[in-house]
Each structure stands twice: as structure tokens, then as C-alpha cells.
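Me: I am new to this structure and would like to go through it slowly, one question at a time. Could you show it to me before we start?

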Amino acid sequence: MKFLQAFTWSLLPLAALAAKKSPKVETFEKFHQKALSSSPLKLGDREYDELTGPLRNYSVAVLFTAMEPQFGCQPCREFKPEWELLSTSWMKGDKSGESRMLFGTLDFADGKANFQKLQVASVPFILLLQPTVGPGAKPNGQPLKYEFGVNPSEADAVHGWVSRHIPPGPRPPIVRPVNYARIVAVSTIVLGLLSVLRVAWHLIVPVIQNRNLWAAISLISILMFTSGHMFNHIRRVPYVVGDGKGGVSYFAGGFSNQFGLETQIVAAMYGVLSFATISLALKVPRIADPQKQQISVWVWSAIMLGMYSFLLSTFRVKNGGYPFWLPPF
Amino acid sequence: MANSAVDPFLQGTTGRNTRGLLRLIILWFESIIHEFDPWFNFRATKYLVQHGFYSFWDWFDDRTWHPLGRVTGGTLYPGLMVTSGAIYNVLRLLSMPVDIRNICVLLAPAFSGLTALATYLLTSELSPSPSAGLLAAAFMGIAPGYISRSVAGSYDNEAIAIFLLVFTFYLWIKALKLGSAFWGALTALFYFYMVSAWGGYVFITNLIPLHAFVLIAMGRYSPRLYVSYTTCEHMSSLGVFGLLQLVGFVEFIRQQVPSKQFQTLLQSLIVAIFLVSVGILVLLTVAGVIAPWSGRFYSLWDTGYAKIHIPIIASVSEHQPTAWPAFFFDLNFLIWLFPAGVYLCFRTLKDEHVFVVIYSILASYFAGVMVRLMLTLTPVVCVAAALALSYILDTYLVMDSPSAEAYVNDRTKANSTTSGAATSVSVQQRKASSSTASESLRSTQDPLIGIYSSKSKLSIAVVISTYLLLFVLHCTWVTSNAYSSPSVVLASRLPDGSQHIIDDYREAYQWLRQNTPNDAKIMSWWDYGYQIGGMADRATLVDNNTWNNTHIATVGKAMSSREEVSYPILRQHDVDYVLVVFGGVLGYSGDDINKFLWMVRIAEGVWPDEVKERNFFTDRGEYRVDDEATPTMKNSLMYKMSYYNYNALFPPGQARDRVRNSRLPAEGPRLNTLEEAFTSENWIIRIYKVKDLDNVGRDHASAVAFEKGSRKKETTSKRRAARVLRVE
């Protein structure tokens, strides 16, 4: 290791000399010209080798990707526009090439040899190669890898990562283009809605003043929130999970764990119980027929008992030591 | 209502006493302050009592956040300390010298009694039935969701804040009903008290204006609303205040000039002004001129925000979203009575019922986003559930029944004479009720009759009392199992069923107090900062008041880096001792290795190139501590401190970690720059002393190697030496 380091150091002056003479110096200018017209550079095996040769007085970031449909690489497709945005805004902000930074994309289809050489197992990722000669060079620096999944896949995050690792110089900011089509579409929809409101106002007023509607909205949202919907939303829990025997397990094990379907079942249980309560409180005393009333009292309290008992048994599944139960479950 | 007012009050008070007694029994062992934050509050209260209010106000605390210090007087919510200080002084005035610690320990149960009272008052405003208030107070007294914060020793801001919250709401409703400036002023007073006591006050600052706004939007503007709102006075409240003034002005004009066109013009004017002001607010916020939302508050709206931008907020277990079992655990059957109660509010839908509906929806949203805000949901759940249950009880527990014969007669009459008088009357009634159908709920359109048979009455009474009994059992079980054991003292059961007390924390803090110099600086993860400050009385680097993210990240970096990197950090911050919590022996899962990833994340947020979360996971993305742990993990200071000498407890190669259930590497980690100073009985707390620089000028690695008797290796020591010299 130490020997190698010494070896590289001894090579440095030579390299500087060589850089002066060899056509390598123009590599950056050549690719930068190309990049100005279309960035990121679409690389093939040959271009990649040329760009990432051992003597570089510039930095280069290469996105390894596989866009062909047979790979079905969803993250690749998701990141592509962000990558294009980053590289174009960088190139536009630094036309003179002062930051000595290039962006390239190596698709599996064009760079099979390099994919094999690097033993790539999964895409996408970004390799950042720091300069080996010139100001701020890291002569024996290993290429840096930016992996997705653990890192965010937004252009801004990649921008920050690149900015931290390349030698000092300008860092052109990301310029997100104004989406005119969207503005037009949104304003059309808003105007359309406004005119519909204006025309159908006399029809809408009774609806938005309807107490039943507001009661329903309130109850549904309360049931949703109290059955842990926000947890699903924040933690992105799976809807259901197989139990390994070909079936489906509806309830997640553990007190602070849940599935999407599970919360819906719980919300439905709460809903049934509340509805039974409301019926007993409001509807039953308004039944004029004594016999009918008697029957509905029994029916509703039976539903309530059964449901509550089921709820308790569900809770015992979640919390092992819970000692209480009700018949029949 | 007036003549029955005394009776339920008495019952309420006796109920309150009983509940107070119940909570006192929890003090079975010793009066001790629980958890983390209460320790700081206790320390601050002691300071207040000793030095008086003015020096408390100017208190600069140099014993925390070393070397920065903390302007404590200006950054805390003084309501709690001032309250207990006032109680202390009043009791002394009455020549009852009570230890300030006992006041602090018993403040929470005392205030929970007051909360029950406030809940009773609030519910009584909402329902004509006196039983609703009593039920609500009883629910509030035993609901685990509130007990969790009101057991003796839980000396925290929430202890008094929930009382203030409920009472402020009661006063607001009262002011709104009476339209009285006096009640409005009282609301403002308690509102101010609330702001001084708890950071959660943003909840009411936004709830009351929202209520006023919804009332205006429903066309329910009234002089009462004007008076009460303008008397009692953040961001949105200002907007609604302006709107209210406008509406008031317009209403005044309208009374003078009853012109239809003028009215329309003015109404559209109001809408336009409102929209423009909202637009300006949004513009200003976007432009960054004003920043009305703090990070913690913002994370409530955009739920993904905290995880990306502020890991320090996301790392707190109280800030996690709530899974459904937690709701059921804390509220039991109230949780399904709650929607029914809200539905009943829609029945009459007076101004105060609108308030309950808004409160319910908002609070259930907030409680779903953050476990901690379950506390704000509990009062409204108790109120609404009591409304529903008392309505059922009032309907079914009436002795006299309507006569069934009237119905039979009615029907036979209707059958015999098609144009009978009775039928026409009832038809007229139907018509009258259907004309107001949009104004009332569908389920209440038919006239109320009552319950005929005593069988149905009896069955409902039995069922409801069963549920109530079950609720009481549930609450007792939850309280004794989950909420009453102080986290400083752990209780466990031995195989023979007897109780075993694990008192490692206090043992270790006592050790610190007795064996370290008074000005020693202790580094630990921020969770234990308040406890070290309160129980060991030593200076800490970071504590539970997480005001400086960079400083916390520094500690995180020191914990998660190699010794060669950590040692300069420790030296720069004058750290004398490092404290870690390790649960591997007992299987205590709340230890530092389990919190370690958050330290890494927080450190990564500040030094993304030096600390990388990825390096703590194996290639397959697992977080491991055994042989397959990553080198970064094995070399981190935290790992070394946790498992140092741990092998000695076991036969060779048999060391096991009972929390993570894994077998540890045969050879334990080696520590060069720290030395073990203290390990508590069950190894929960381990304290290490930071070594001073070597006398002979060697680096620590070679010094340790020399003492072990191994031969000095020329090459390695040279390279290490070069690294140690690096000082940032």
C-alpha cells in the first residue's frame, strides 16, 4: 500500500509532463463541448473508457442505469428526469467549464463490457470520479459511489453530494423549469370549477348545508384517524402480508405494528359499534311499535356485544398479556 | 340545572378524592420523580424556590450544554415551576413547611383532580343531562391516556397543561354562550397561563380561532361571538380577528340599511379581503419574510418532513405515529363511543357542539400523527363518550314507560277511519318535521316515544354496566402495568413470582455524585442529560432540551466514530466521563445500541462525509452486533464501550447479547483512550473515564499495547501516531 502510494507520487511529475504533451488535456474540452449541447452525455464502452482514463484533470459523475424495458428498473426511470435536470442546469450554469465537471450516463445496453468489469450487481447508482491531476486532485482516490434506496433520489441531494466531493469551484444551482402546461391546466380546472359552482350554486347550497353530510364526513374522518390510518400513511406499511403458507395474515404481530387491511377492519369494527350505539340512543326510542322496539333493542345489543368481544379478541392478538375478554369470542 | 348543581359537584369531588387516593397508592415504594423531563423541571423548581423569581428569570445554566451553557430562564415554559413555587410559598405562609420535592411529586395527581372537575364543567355546558358531566369526569379520572401523564412523580408540563386546556375550553364555551366580556377575559387569562406552561399551546391558539371562523362560515355570527372573541385574544387568530371585525362592521351596517344589493356587495367584499390576506400570508411565508411554523409543528402537516430534515425530532419515541392498538390501549371502549358522541353533537348542533366536532376531528388527526398528542385527544374522547353514554342511560333508565295501548289504539283508529283526527295530526307532525329535515339528522326525524318494555331497559342496563366495569378493570390493569413504574427504577418478576427491583440508574448516578469532582463533565446521549443533571448533579454536554442540533450531532459523531476520531472530540469538549446504557445482560431493550442508529443519523445530518449510516449495516442491510457486524460498527466508540469486558461474564466464546439475541465475537473490543470506571449491578449503566494524555507522549494505542506486554510494532505505531495528531 505504502509502496504503491510512493510509486504514484513519483509518477506525478511525469504525469504532469505527460499531460502537457498528450492529447488527454483535450478530453475535457471535447466532452464539455458535447455536454453543452446535450447533457448528460450518453456514453458507450469506448467513451466511458476515454472519459475515465487514469489521468483526469476534471471530475466526472456517471450514472449506471438500465433503461431497457426488459429489466423493469423502476428506480432508473424515476431518477432519469432528475439526473437530466441536474446535469443540464449544471452545464447551463457553468458554460465555460470552470468547475471542470461532467455528467454521463452509461446504460447497460451500451456498456456491457464496463458493467462486467465493475461487476455491477444492481442499478442505478452514480460513480463520482475525482480528478487525478491538476488543482484539488486526489491521485489515488477511489471512485465514490452514490447508492439509491439508502440515499434520497432527488436532484438536490445528488447535487449536494457532488458539490461536497469535487474540488472548489462554482456550483451552479438546480433550476427547475417552470411547468407552463401544468399552470394552464390548473387554472383551467379552477376556472371550470368556479363556473360550475356559479351555475349550480342553488343545487350545491342544500348539499353543503346538509347536516347529515357533515356528520358523515366527520365520523368517517374520526374513524380513519383513530384506527391508525396516519401510521399507515407515514410508515408506508404493506396492505396485507402472506403468512408463508399461501394464505394471508390479516393482523401484524406486535403492539406497534399494523397492516393496511388491519386498520380498515378495525375502523369497520369501531364503525359498527358506534352505529349500534347511535341506533340504541336515537333510533330505538323512536320506534312506535312495542314489539319491533323490543326486537331491535336485542338485535343491536347483541351486535354490540359480539363486535366488542371480537375487538377484544383482536386486541389480545396484538397484546399477548391482555387478560380481559367477553363472550362469545 | 341550578338546584341539582350542588349534588353532582359533591359527587364529582368525592370521585376526585377517590381517584387521588388511587394515585397515591402508586407511591407504594418511595416518592420519586419519573422519566427524563421531570428531572429538569424539578431542578428548575428548586432553583426558583431557592433564588426567587427574578434570578430564575435571568438564570443562565452553565451546568448543561457544556461548553455553550443554556439561557434557561428564557427558553423554558415557566408555568409549571411558578405554580409549584406558588403552592410552596402559600403552604409556608400557612406554616405548613412541606418539602418542595413532595409538592413536585404530588402536583400531577392534584391537577388531575382539577382536570376531572374542569371536564365535568365543560360537559355540563354541552349537555342538559347532569349525568353526562359526571361520566365525563369519571372517564377523565381513570382513562389511561391521561393517567400516563398524571401519576405521582410525573412532574411535567403536561401535568398542569391538560387541566388548563380543558378549563380554557370551558371558559371559552361559557363566554360564547353568555356573550360576556367577563368570561372572555377569564379565557384570555387562562389562555396566557396555558401559553406559559406548555409548548402544545399552539393547539388552542388555532382551535379557538378555527371555531370562530367555522361559526362565521356557517352564518352563525352573533354579537355574543363578537364580544367573547374580541375580549379573549399567533398567526391565524390575527386573521380571524380581522375578519370578525369586518363581519361585525358589516352586520352593523346591515341593521341600518336593509338593502339587498348593498348586502351582497359587502359580503363579496369580505370574501375578497379574506382571500387577499390569506394570499399575502402565503406569499410572505414562501418568500421567507416570516416563519410562522416551527419545525415540530410543521412535521404535523407534512408527515414526511421530519424524517428527512430533522432527525432529532423523528428520533423521539413520543413523536412516532400511533398504531391502532395504542388508541385502544389508552381509551378502551371510549374509542368507539367517541364517534357516537360526536354524532349526537350534530343533533342539536349549537355553537358549543360545533366546537366539540372541530376539536374531535383535529385532535384525532394529531393523535394519529404523534403518540404524544394522544393527550390532547383524551379530554374530547371522554366528553363525547360521556355524551353518548349518558344519552343512552337517560333514555333507558327511566322507570315510567309510554303506554303501549296508546299506540295500539292509534293504529286501530287509523285502520278503521281513514281520515281520523289522530292520523291527520300525526301526518301534520310528519310534514312539519320533514320540512326541517335538512336542519336535523335523519335518525331524529320521527318523534321521540321512549322505551316500552322493562326487559329492554334491564338488558341495556346490564350490558352498559358490564362495559363500564370492564373499562375500570382495563384502566387499572393498564395503569399498573404500563404507566406507573418509573423508568428510573425497573421492576421485574423473578421465576418464583416475587418482585425484583432493578435500581441501576440511581446506583450509577449516586456513584457519579460521590466519586467524581463537582465540575466533572459527563458525556452521554441526550436522553439521560436531565437525569444526570438532576440526580448526579454533574455538568452534561447535551440534554433533553434539544435546542442545539449541531451539539447533539457532535456527541453522536463521537459515539459513532473510531476512537482516533472521537478522542480529540472528547478532549476538545473537556469530557471527563462517558456514560452509556447497555441492556445486553438483562435484555433491557431501551439501551444505547438500539438508539445508536439515531445517533448515527443525526451525526450524518451534520457531517455526511464522515459518518455514514450505510456503513453500520451489513451488505444484506442488517443491523448486527455479532461476528458479522461491519468494521465501522465494531470500531465505533459506542460498540466498544457497550461490549468492553463483556466476554468476561461468560465462558469463552459464549457471550450473548440478550436484547439483540446474538452471540458476540469471541474476542471482545479493546479500548485505548478510555478506561472503565464504573459498571452498575446489572450492567445497565457503564461509565468510562477519558484518559489523560500519556505522560511519555506516546499515543494511547501503543501505551496500552506496552502495558499488555506485547512487543511494540514499529510500523503500526507510526501510522497510528500520524492519525492521532489530527486535530480539527
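Me: How many residues of chain A are in contact with chain B, and with how many residues of chain B?

Reply: Please keep in mind throughout that this is a predicted model. Two residues are counted as in contact if their C-beta atoms, placed from the backbone, lie within 7 Å. On that basis, the number for chain A is 55 residues, and they are in contact with 60 residues of chain B.

Me: Which element of chain A gives the most residues to the side that touches chain B?

Reply: The elements of chain A that give two or more residues to this side are α9, α10 (229-235), α11 (260-283) and α12 (290-318). By class, the side of chain A that touches chain B has 28 nonpolar, 20 polar and 7 charged residues. The element that gives the most, with 11 residues, is α11(A).

Me: Are helix α9 of chain A and helix α18 of chain B roughly parallel or roughly antiparallel?

Reply: The axes of α9(A), residues 211-226, and α18(B), residues 334-348, come within 10 Å and cross at roughly 160 degrees. Angles over 145 degrees count as roughly antiparallel, and therefore the description that applies to α9(A) and α18(B) is roughly antiparallel.

Me: What is the make-up by class of the contact of α9(A) with α18(B)?

Reply: The crossing of these two helices, α9(A) and α18(B), is right-handed. From α9(A) the contact takes R211(A), A215(A), S218(A), L219(A), I222(A), L223(A) and T226(A), while α18(B) brings I335(B), F338(B), P339(B), V342(B), Y343(B) and F346(B). Divided by class, the contact of α9(A) with α18(B) has 10 nonpolar, 2 polar and 1 charged residues.

Me: Where does N332(B), a residue with positive phi that is not glycine, lie in chain B?

Reply: Phi of N332(B) is near 50 degrees, which is a positive value in a residue other than glycine. As for its place in the chain, N332(B) lies in the loop between α17 (324-331) and α18 of chain B.

Me: How far apart are the C-alpha centres of the two domains of chain A?

Reply: Chain A is divided into domain 1, covering 23-165, and domain 2, covering 210-318. Between the C-alpha centres of domain 1 and domain 2 of chain A the distance is 53 Å.

Me: How far apart are the end C-alpha atoms of residues 213-231 of chain A?

Reply: In an unreviewed entry, UniProt lists several stretches of chain A as "transmembrane region", among them residues 180-201 and 213-231. Over residues 180-201 the chain is 95% helix and 0% strand, with its end C-alpha atoms 31 Å apart. Over residues 213-231 of chain A the chain is 89% helix and 0% strand, and the distance between the end C-alpha atoms is 26 Å.

Me: In which part of chain A is P328(A), the second residue of the cis peptide bond from P327(A)?

Reply: The peptide bond from P327(A) to P328(A) is cis, with omega near 5 degrees. The place of P328(A) is in the segment after α12 of chain A.

Me: Which residues of α20(B) make the contact with α5(B)?

Reply: Within chain B, helix α5 (residues 100-126) and helix α20 (residues 374-396) pack at an angle of about 45 degrees with their axes 10 Å apart, and they are therefore oblique to each other. The crossing of α5(B) with α20(B) is right-handed. On the side of α5(B) the contact is made by T119(B), L122(B), T123(B) and L126(B), and on the side of α20(B) by P379(B), C382(B), V383(B), A386(B) and L387(B).

Me: Which residues of α4(B) meet α5(B)?

Reply: Helix α4 of chain B, residues 79-93, packs with α5(B) at an angle of about 125 degrees, and the two axes are 10 Å apart. The crossing of α4(B) and α5(B) is right-handed. Where the two helices meet, α5(B) has I100(B), I103(B), C104(B) and L107(B), and α4(B) has S84(B), I87(B) and Y88(B).

Notes:
Residues numbered from 1 in each chain as written. Chains lettered and ligands numbered in written order. Predicted model: local features only at pLDDT ≥ 70, side-chain atom pairs only at ≥ 80, totals over all residues. Axes fitted to C-alpha atoms, helices over the stretch in contact; angles between N-to-C directions. Helix = DSSP H or I, 4+ residues; strand = E, 2+ residues; numbered from the N terminus. Parallel < 35°, antiparallel > 145°, perpendicular 65-115°, else oblique. Left-handed = near helix turned anticlockwise from the far one by under 90°. Nonpolar A, V, L, I, M, F, W, Y, C, P; charged D, E, K, R; others polar. Domains from an automatic or database assignment. UniProt positions renumbered as here; feature names shortened; annotations may be inferred.
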